[in-house]
Amino acid sequence: MSSIRRFLNNSDINRFRFYFQLFAFVLLVYGGYLAINIGEQLPTFACVFGEKRGGSCYLLGFQHQMTFPYARLFSGPGIGVLIGLATFAGFFIIFNKAWCGFACPLGTIQDWLTILRRKMGIYYSNYSEPVFKGLSTIKYILLALLILIPMAIGNSFFGLPTLNHDFGVPFCMICPGRTLLPLFNGDISQLTIDFSSKTKMVFSGLGMGVTGMFLAGAFAKKRFFCLFCPMSALHYIFSRASLLRLTKDGEKCTRCGNCYRVCDVGIRAIADDLDHKNIVKDDCMMCLKCVSACPEDDCLKATYLGIPLYESTAEGFFRRRLKKDD
Amino acid sequence: MKGVYSRGFFATCLSLVLLLGLCPDLSMAKTDAIWIAPAKAERKPSGQPGQPHHPEGHGESSAQQSGRPAQTSQAGRPGRPEQAKQSGRPGRPSGSGGEHAGHGGSSGRFESEHRPLPVRTYQIVPEQLLPEARAMILQADGTARDLDVETCHTNVFSVKLPMEEGPMHGPNNIYVFDQQIKDGVLEVRTAKWLTIHHSCGWGHDYRNDPERLKARSLESAPLDIVVDNLWDGNFHNALHSGDELVIRVFSYGKPVAGVTLTIITEKGWTKRKKTDADGIARVQLIRDYYPSTWQLFKRTELGKLAMTAEFTKEGASNYKGEVVDKTHYISSFSWKYVPAGDDYNSYSYGLLIGSLGFLGSGFGIFQYRLKRRKPKKTVVFDE
Amino acid sequence: MIESERQARVKKSTSLHLAMEAAETLRQITEFPDNPESMAYFYDLYQSRFKDGMILPQNGKKLVGTMCLQVPDELIVAAGAVPVRLCSGAYAFDQAGGDFMPAKSCPLVRATMGMLQVNNDTMKDNLSTVVIPTTCDQKRSSAQMLRDMDYPVTVLEMPATKESDEARTYWQESVKQFALTIQKICGRKITAKSLNAAVRSKLEAGKLFRSLQQLRTESNPVILGKDIWLVSNSYFFDDPDQWCQAVRGLIAELESRKSENFSAINRKAPRLLFTGSPPIFPNLKLPILVEQAGGLVVADETCSSQRLLHDAVVFDEKNLYDMVPAIADRYLKPCTCPCLTPNTDRAKKILDLVKSSRVEGVVYQAFSGCMPYEMEQRAIGDMLSREGIPMLFVETDYSPEDQGQLSTRVEAFIESIKVRRRKTQ
């Protein structure tokens, strides 16, 4: 048992994550070819617009359900909505935010862009602390909008006229996952501007604009889009209940900042928060790079149902850092 | 040999045209072919069977969306609330809404059939169905069974569809057959209707399942029209104006050559073609939707499409003791189409905006980085 | 003419005193019973380095002197030069520095300055530059004095705090600038490859030092604190590869001691933590006194030993744009130097070491004149008394004169710990 643990703690999570992401990408984007369907309420961007997907992103169905008029939402079909949310939460609770770091196809694309940039030797951008704080509220605004806009289709707010159905899935329309992920199925049809109505035109225009910005942004900044991701905001509601946890022992921390240094999303609390045991923040994607970069024994660890899966150890740290590289 | 424009063909046109309130000539409303069309749910058994029209909601959605006069729109409406109650989905949005609001988007699929109903009721048009008429269903899993056709009073019949995943989940083919001797010719008629029984709530286990998705032919059908690629891997209508129809014609399960196919759209475009040696005819559908300005364009604008296949077989045959030396087979099938995505989707604008977004942000980042290289010049107080 | 003769005379006498001082310290160190055999490498190293004045390493490469552990020596190595930490612990140099430095200045700075003054003739040419980070006041001020002595000086600007984002960015920019400066001085471009090699070399040393530290805190004492200082101090100037080799040998020997259950000292010896102003050879006066009095230094929080190699550089991308800031972070973020404010991390670190190394008492050394450590003494003492750990505060300098008085205090302190232990048992 202790030798297994030692093996795990000495392992290189980054390499594992690279291959796991590849596997998850193939599964979620091409799973349809093998008639794989993991679920319809996945807490990750398994884009529904990709025909051959192996599971579906919850946000589309969720936005669709939000179009129900109140009468429906608070009666029988409301149970369906709750079941959907519960299924989503169930999926989420199993892996917590690791859905973002290990499974999200859009996140994987961003990581690939990062690899490309690194190989080209172009330096990355960073947000300063205040900018980071300001930007990270955007995801909550997006989450509110993706609930409220569809609601305004089925219901009238303050006596205003209801919105038409072209407002149906507002977030999907601006999500770069919609435009990019179907490309991997050979479907380029999402790259168009839809002139069939003004709403569609604006949304599809925004979608393409965001896609362009996404590509440039993710090239310059690691996990650029994740800071704005409303899915991540929705995750955070359930994060505390998750079985997979990332914990920190503040007493063992020397605040050396190695974890902060390697954090792709730039969470400063991972280095400087000495008081909280549960260290998963809303922007965290549980890539566990922080654990692998921590040189103190047992300071950071990922646990599942309380059982440590991956712990920071000096031995593992030096082994990873000193292993033969190119 | 009959003329290419058979009377049945004209009847088809007529019935479609009538529906739209644009009736030209009633005198020709005599038909050879029989048709299947969904019946209104609230229709009384003794009631007047309506004109054949396409699945529930077509009338409404097309009227609503194309902004046609209220007349048709009202005609289509009364059925809705009750039907909605029956299906247990009150206040369901019509048209582009539905289970796959998002899908509807730019690909312009049509989805009324993408809605599960526990019982689907059909009527046969015209009403003069012969007493021996029988109906069959070729289910989505490839099995066939008989259906009851109440021919005494009305030509309305129902198909029960279990509301779950099972043999019915997917495209179901409904057939009605009858035959009679008329003017010394044995007239064998077939009507075919396709319904897609699917709810996203059942899951998508059959999504992209080629066995489930394929267009089927019933072995016992005297003349069967099979059109490929009418729906996509997730059971949405996938026929767009301008698409090529690949029509295969079978008689008792075998492809037949030289069958005259007649295709007509709601707007009056017609096309005739004979099947080749393999029993296949390829027809390119017309592109017939050109609103005056793009603001008037509706991507869900439905076009309707009807087709008949017919051929006459020489040779003696015996029907109820009577011997005739000719058999005339006729078969009908109808479907719908929506504008092609190319009519309203622009790749060039998409890529333009995408590139602008990319280059704009890229340039912004680059400028920012350049600026950061310069030393800070001065501090400005905010007074 | 007369001036240069005087200079030569001073140099000669200082060298003589230095050699005697070093020999005396080594004698005291080797007098302990059961010294590990592998320590011979280090004893010899000091013997040869101090026997004839101050000998700088000579291997044909450019030498870059550093005046503090805050200097990122990875960058110096990557630029093809050899970093030598100049911080001196020699009383002989302290006396030489007393000629021109204020009487109340810190003996460490005074000795370092004295060394550079006495060896002005040779070191000025041997050292490509002397890097001085803007840490404490006295080091900052000595930069100007060195310029006046015609030394090539590179000032490494360091913020006085590490908490804010601005401070971190400022330091990163400062280190980036230093990278450019040093590669210009050394005439070799720093590349990702050379920097990676330098980082790995220091990581390897850090890994070994951590293992050594681990062995030092074993409940069965296999090595004494005084030897640890010799090992860590020698990283100031020794060739890293040879140093690693020697430490590996030492670790192997200690591992076998551990498995044989061999103790280097009485197992019941009070376990102590040493903190404060850094003991640097030959000034290992206080650690030696403590261990002569029967104590065992199982951990230290000093910039001449445990802080030197504990922290590790981590970068995410093997390109200079990430590696250089990563190196900057390694030198600032975990730093517990009392020059920084706030410096809560030092108290935290001490507390963590007290707990993890099962420490029974703390020896706090402050050089008279070393304001930052003197001023922080009270806060650390209060924190430790809340934790129930006794602390001995010693204000001293490099002179051997207070040895008798100190040894009485140290013995009393160790005795009190033993008494405490008996009471609690």
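In what order do the three strands of the open sheet in chain B stand? They run β1-β2-β5 in chain B, with antiparallel pairing.

First, a word on what you are looking at. This is a predicted model, in which local features need pLDDT of at least 70 and side-chain atom pairs count only at pLDDT 80 or more, while totals for chains, interfaces and linings use all residues. Residues are numbered from 1 along each chain as its sequence is written, and chains are lettered from A and ligands numbered from 1 in the order in which they are written.

Let us start with chain A as a whole. You will find 17 helices and four strands in chain A; here helices are DSSP runs of H or I with at least four residues, strands are runs of E with at least two, and both are numbered from the N terminus. A compact globule of 326 residues would have a radius of gyration near 20 Å, so the 21 Å of chain A agrees with that. This radius is taken over C-alpha atoms, and the globule rule is 2.2 Å times the number of residues to the power 0.38. Along the principal axes, the C-alpha atoms of chain A fill a box of roughly 65 × 45 × 45 Å. Of the 326 residues in chain A, 54% are buried. A residue is called buried if 20 or more other C-beta atoms lie within 10 Å of its own, exposed if 12 or fewer do, and partly exposed in between, with C-beta atoms placed from the backbone. Two residues are in contact if their C-beta atoms, placed from the backbone, lie within 7 Å.

Chain A is divided into domain 1 (14-235) and domain 2 (242-319), with bounds that come from an automatic or database domain assignment. The centres of the two domains, taken over C-alpha atoms, are 27 Å apart. Where they meet, 23 residues of domain 1 of chain A are in contact with 17 residues of domain 2 of chain A. On the domain 1 side, α2 (13-30), α5 (76-95), α6 (98-103), α8 (129-135) and α13 (230-238) of chain A each supply at least two residues, and α5(A) has the largest share, with four. That side of domain 1 of chain A divides into eleven nonpolar, seven polar and five charged residues. Ala, Val, Leu, Ile, Met, Phe, Trp, Tyr, Cys and Pro count as nonpolar, Asp, Glu, Lys and Arg as charged, and the others, Gly among them, as polar.

Now for the neighbours, beginning with chain C. Here 20 residues of chain C are in contact with 21 residues of chain A. On the chain C side, α9 (192-216), α14 (320-332) and α15 (344-356) of chain C give two or more residues each, and α9(C) provides the largest share, five residues. The chain C side has six nonpolar, one polar and 13 charged residues.

With chain B, 35 residues of chain A are in contact with 37 residues of chain B. The elements of chain A that give two or more residues to this side are α3 (58-65), α4 (70-73), β1 (193-194) and α12 (198-220); α12(A) gives the most, with twelve residues. By class, the chain A side has 16 nonpolar, 16 polar and three charged residues. β1(A) also pairs with strand β16 (residues 345-346) of chain B, in the antiparallel sense over two bridges, and Ile193(A) has Ser346(B) as its bridge partner. Strands count as paired if DSSP finds at least two bridges between them.

Four bridges join β1(B) to β2 (residues 119-125) of chain B, and Trp35(B) has Val125(B) as its bridge partner.
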